[in-house]
Amino acid sequence: MSVQARIEEKLATLEPVEMTVENESHMHHVPPDSETHFKVTLVSDRFAGLMPVKRHQLIYSLLADELAGPVHALALHLYTPQQWSTRGGVRPDSPHCRGGGGQ
């Protein structure tokens, strides 16, 4: 199973309303087909009443094995359904890596 698939499987336990896991490794200076840099956008009722740091800690605990191993970077965009609706369902773009692009 790919790293991305494992991440998606573990995050699905949060019963997301919306979830996108993007492998952004290609935007960094890593070998082709790497799975080291990910961007997660997740919308869940489980985030209601949790401050952002607690949301991040919840994700870190779910993905502890991946973060201890192959995953070098994890961008998290975590919202309640109401927050997601207020944003118009738009997630932030990732910045370009200064040394990356695989070029």
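Me: Leaving aside its neighbours within four places in sequence, which residues is Arg55 in contact with?

Reply: This is a predicted model. Here Arg55 contacts Phe47, Leu50, Leu78, Tyr79, Thr80 and Gln83, once neighbours within four places in sequence are set aside. Arg55 itself belongs to helix α2, residues 52-62.

Me: Why does Ser44 count as buried?

Reply: Buried means under 20% relative accessible area. Ser44 counts as buried because its relative accessibility is 1%. This residue sits in the loop between β2 and α2. The Ser44 side chain reaches the backbone oxygen of Leu14 at 2.7 Å.

Me: How are β2 and β3 joined?

Reply: In a regular strand, side chains alternate between the two faces of the sheet. In this model β2 and β3 run parallel, joined by seven bridges. Within β3, Leu76 is the bridge partner of Val40. Five of the seven residues of β3 are buried.

Me: Which residues have the most contacts inside the largest nonpolar core?

Reply: That core has 15 residues, and those with the most contacts inside it are Ile7, Leu11, Phe38, Val40, Leu42, Ile59 and Leu74. Two or more core residues come from each of α1 (3-11), β2 (37-43) and β3 (73-79). Not counting residues up to four places away in sequence, Leu74 touches Phe38, Val40, Ile59, Leu63 and Leu67.

Key:
Residues numbered from 1 in each chain as written. Predicted model: local features only at pLDDT ≥ 70, side-chain atom pairs only at ≥ 80, totals over all residues. Heavy atoms only, no water. Helix = DSSP H or I, 4+ residues; strand = E, 2+ residues; numbered from the N terminus. Contact = heavy atoms within 4.5 Å. Core = buried A, V, L, I, M, F, W, Y, C linked by side-chain atoms within 4.5 Å. Buried < 20%, exposed > 50% of the residue type's maximum accessible area, 1.4 Å probe, protein only. Pairing = 2+ DSSP bridges. Polar contact = N/O pair within 3.5 Å; in protein donor to acceptor, adjacent residues only side chain to side chain.
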